[in-house]
Amino acid sequence: MTLVVRCDDRAALAVALGGSRGDRAPVAFVPTMGALHEGHRALVERAATLAPTVVVSIFVNPTQFDAATDLATYPRTLSEDLALLEEVAGATGVRVVAYVPSVHDVYPDGAVATVHVPEVTVHLCGARRPGHFDGVATVVDALLRAVRPTVMILGRKDFQQLVVVRALVEQAGHDVVIDAAPTVRADDGVAISSRNTLLAPDGRMLARRIPRALAAGVALVAAARAAGSSVETAALRSVVVQELTVEGLRIDYVDVVDPLRIVPVEGSHDPELPLLLAVAVHVGDEPATVRLIDNVLLGDREDELRLLRASAAGRMTGNGS
Ligand code: AMP
């Protein structure tokens with residue numbers, strides 16, 4: 001028996017969800033680009049604890065790709081994705097709706113990025129991938145209008161995206177709570193990503209250096225805390241860069257930023273202060289490299305939790321690590 005309701009357009013989705021938002025049961029929404037993995041599974045399972053109906057969108061959004069080859073090679077595994085959702089539906093007992101729209105359904109007037117979120121999109125991936133966050137903001141805006149969820153679950157692996165979407169929600173006045181889920185990692189520490197399947201075996205081995213590099217940053221902060229000294233962000237960047245400086249890896253960025261505003265932090269700081277250490281690395285041989293991102297929040301755990309819950313309207317939630 002098929003448990004998952006598949007909807008290929010917003011008209012079918014509206015029928016499946018039924019009624020106006022006020023009349024129907026709460027909906028938890030997990031937006032994805034498919035090629036679902038254990039990280040996505042954790043988000044869907046978390047969604048299942050938050051509402052009786054879970055909508056998972058599977059849409060490879062063309063407007064957020066800044067390179068045509070990246071869009072062309074992005075993994076697409078729809079039947080496996082639906083099988084994973086069937087498993088979660090069976091295990092949790094919630095109603096799972098898979099929204100699998102076409103480009104035309106999401107962008108009836110043409111695939112043009114129209115929504116821009118200022119400030120938090122300037123640095124990190126915003127600086128390296130022109131137009132990327134306009135594409136993200138545009139698609140999330142369109143998806144929120146189609147799904148009208150009460151809560152949306154996003155992963156902290158894409159930390160800047162989380163902050164951008166939170167800003168979009170404020171800016172556009174969407175009535176939705178954002179839930180921030182922890183990063184799911186493989187046993188060797190590598191953050192699970194759809195793009196990991198594109199790595200050659202030696203690239204997958206090299207990718208282990210990314211969590212190791214972040215751990216070196218965490219250790220430096222822990223040492224400063226134990227010694228009662230301050231943390232130099234230049235020193236922090238340098239231990240991370242050192243771990244990532246090896247043949248087969250090309251650093252795109254290693255940055256230390258304010259996690260709420262996503263602006264670089266320079267100088268020396270109290271090790272209890274929340275800082276986001278974020279990296280983007282090209283893995284493998286040119287030109288067919290795979291760009292991976294990862295991050296870790298540094299500083300006091302209580303501050304981290306407060307930070308993840310914080311927003312102008314107090315809408316964002318999150319716990320765990
Ligand atoms: P994507 O399909 O890559 O666009 O990701 C869809 C959602 O899953 C985003 O909110 C991501 O942050 C989240 N996500 C991707 N990988 C992970 C992971 N390893 N752990 C937790 N969340 C993840």
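**Entry 1: helix 8**

I started at the end of helix 8, where glycine 173 follows with a positive phi, near 70°. Helices here are DSSP runs of H or I with at least four residues, strands are E runs of at least two, and both are numbered from the N terminus.

Before going on, I noted that this is a predicted model, where local features need pLDDT of at least 70, side-chain atom pairs count only at pLDDT 80 or more, and totals for chains, interfaces and linings use all residues. I also wrote down that residues are numbered from 1 along each chain as its sequence is written, and that side-chain values use heavy atoms, with hydrogens and water left out.

Back in helix 8, I found 14 residues, 159-172, reaching 20 Å from the first C-alpha to the last. That is close to the 20 Å expected at 1.5 Å a residue, the expected span being 1.5 Å times one less than the number of residues. I then looked up its buried residues, and they include Phe159, Leu162, Val165 and Val169. Buried means under 20% relative accessible area, exposed over 50%, and partly exposed in between, with a 1.4 Å probe and protein chains only.

**Entry 2: the ligand**

Which residues come nearest to the ligand? I found His40, Gly155, Asp158, Val184 and Ile192, out of 17 residues around it; a residue counts as near if one of its heavy atoms lies within 4 Å.

I sorted this shell by class and got eight nonpolar, seven polar and two charged residues. In this scheme Ala, Val, Leu, Ile, Met, Phe, Trp, Tyr, Cys and Pro are nonpolar, Asp, Glu, Lys and Arg are charged, and the others, Gly among them, are polar.

Helix 2 (38-48) gives the largest share of the shell, three residues. Strand 2 (27-32) and strand 5 (151-155) each supply at least two. I checked helix 2 for cover as well: eight of its eleven residues are buried, His40 among them.

Next I looked at oxygen atoms of the ligand. One is 2.9 Å from a polar side-chain atom of histidine 40. For methionine 33, a polar backbone atom is 2.9 Å from a ligand oxygen, and for glycine 155 a backbone N or O atom lies 2.9 Å from one. The protein covers 93% of the 480 Å² of accessible area that the ligand has on its own, by the Shrake-Rupley method with a 1.4 Å probe.

**Entry 3: salt bridges**

How many salt bridges does the structure hold? I read off 20, each being a side-chain nitrogen of Lys or Arg within 4 Å of a carboxyl oxygen of Asp or Glu.

I picked out arginine 212 and glutamate 243, whose closest N and O atoms are 3.3 Å apart. Arginine 212 is in helix 10 (residues 209-227) and glutamate 243 in helix 11 (residues 233-244), so this pair ties together parts 31 residues apart in sequence. I also saw a network in which salt bridges with shared partners join Asp66, Asp70, Arg129 and Arg195.

Aspartate 252 and arginine 128 form another bridge, at 4.0 Å from N to O. This pair links strand 8 (residues 249-257) with helix 6 (residues 125-128), 124 residues apart. Aspartate 252 is partly exposed at 21% relative accessible area, and arginine 128 is partly exposed at 32%.

**Entry 4: two positive phi angles**

Glutamate 119 is not a glycine, yet its phi is positive, about 65°. I found glutamate 119 in the loop between helix 5 (103-106) and helix 6. Isoleucine 262 also has a positive phi, about 55°, without being a glycine, and sits in the loop between strand 8 and strand 9 (268-269).

Is each one buried or exposed? Glutamate 119 is exposed at 62%, whereas isoleucine 262 is buried at 0%.

Notes. A polar contact is a pair of N or O atoms within 3.5 Å; within protein, one must be able to donate a hydrogen and the other to accept it, and residues adjacent in sequence count only if both atoms are side-chain atoms.
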